[in-house]
Amino acid sequence: MLLKRVVALLLIICLALSLISCASNQPSSLMAEQTDENPTETGSDTPPEATANSEYGSNAAVSVLSSVAYLFDDANVLYGAVEYRNDGNCPVVLSSARFVFTSGSYSVSHEFTPMLCQYDVLYPGDTSYVTYWGAPDEDARFKSDMELTASLECEKAAIDRIDLEVEGLLVADNYPGFSTLSGTVENKSGTDCNLNLIYAAFYDDSGSLMGVWHFSENATLKSGVAHSFVVDMTELAIDGLSSRASAIKASGFGFN
């Protein structure tokens, strides 16, 4: 009888020890499951967010290639335009421009922010344009012969360019006092755009800049679709532009 009681007591002790061991192991198993489902940020394989144009350097620099200035007598408007180039190692946008017009002993300086310059992203080696129209009667002391000196400030671009290709440009003097410009514009960037700005620059036989006109094509430019246009250059009063311009260059960009 005593032996049976001892065996029963030993069985009870073994069962109790087994239950204690299971209870002590359960929290560790639960913690392991939670760790697997919710890994910490340490050692994460998620790459850092890429920045636009991050593969380029940081030297933002531009240079003025050519300039032209007029006093349009009919409207008494002072006009200036320059062609500039990206000489740095990264895409740039202009931040400000300073035009100094000189006629004889008289000169005047105008500082301004070029139109929509934050979207006119220029890649290394590429060229674009800046234009200025002065207010009527603002510069009445100017004569027809004048010079333009321009200085441009730029910074590294933070966005990519929505580039527009302009082709088939043709100038016609259909109306007295101004010329018309026709051609096609196509968005080849892969990104649709609702708004745009296009520069058209005119050069004579010697390659000298004669003038620059800017305009917008009133259409949503979807990627890969070409649009034809005709614009009246009413504020670019250059006599005989169609017969004198031997070359036309264009630079266009879109934005949303």
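Colleague: What share of the contacts in the protein chain with a separation of 6 or more comes from residues 24 or more positions apart?

Modeller: Keeping in mind that this is a predicted model, residues 24 or more positions apart account for 73% of the contacts with a separation of 6 or more.

Colleague: Which secondary structure does the protein chain have?

Modeller: The protein chain comes to two helices and twelve strands, and along the sequence these follow the pattern α-β-β-β-β-β-β-β-β-β-β-β-α-β.

Colleague: Why is the contact between Arg98 and Glu111 called a salt bridge?

Modeller: The term asks for a side-chain nitrogen of Lys or Arg within 4 Å of a carboxyl oxygen of Asp or Glu; the N to O distance between the side chains of Arg98 and Glu111 is 3.4 Å, so the pair counts as a salt bridge. In general, side chains of opposite charge can pair when their charged atoms come close.

Colleague: How do you know whether Glu111 is buried or exposed?

Modeller: Exposed means over 50% relative accessible area, and Glu111 has 62%, so Glu111 counts as exposed. Arg98, with a relative accessible area of 36%, falls between the limits of 20% and 50% and is therefore partly exposed.

Colleague: What makes Arg161 and Asp120 a salt bridge, and where do the two residues lie?

Modeller: Their side chains meet at 2.7 Å, N to O, which is within the 4 Å that the term requires. Arg161 sits in the loop between strand E6 (147–156) and strand E7 (162–175), while Asp120 sits in the loop between E4 and strand E5 (127–133), 41 residues apart. Both Arg161 and Asp120 are buried, and a network of salt bridges links Asp120, Arg161 and Asp163.

Colleague: Why do Glu165 and Lys188 count as a salt bridge too?

Modeller: The closest N and O atoms of Glu165 and Lys188 are 3.2 Å apart, so the pair meets the 4 Å limit. Glu165 belongs to strand E7 and Lys188 to the loop between strand E8 (178–187) and strand E9 (195–203), 23 residues apart. Lys188, at 51% relative accessibility, counts as exposed because the limit is over 50%, whereas Glu165 is partly exposed at 29%.

Colleague: How many salt bridges does this rule give?

Modeller: The count comes to six salt bridges.

Notes:
Residues are numbered from 1 along each chain as its sequence is written. This is a predicted model: local features need pLDDT of at least 70, side-chain atom pairs count only at pLDDT 80 or more; totals for chains, interfaces and linings use all residues. Side-chain values use heavy atoms; hydrogens and water are left out. Buried means under 20% relative accessible area, exposed over 50%, partly exposed in between (1.4 Å probe, protein chains only). Helices (H or I, at least four residues) and strands (E, at least two) are DSSP runs, numbered from the N terminus. Contact means heavy atoms within 4.5 Å.
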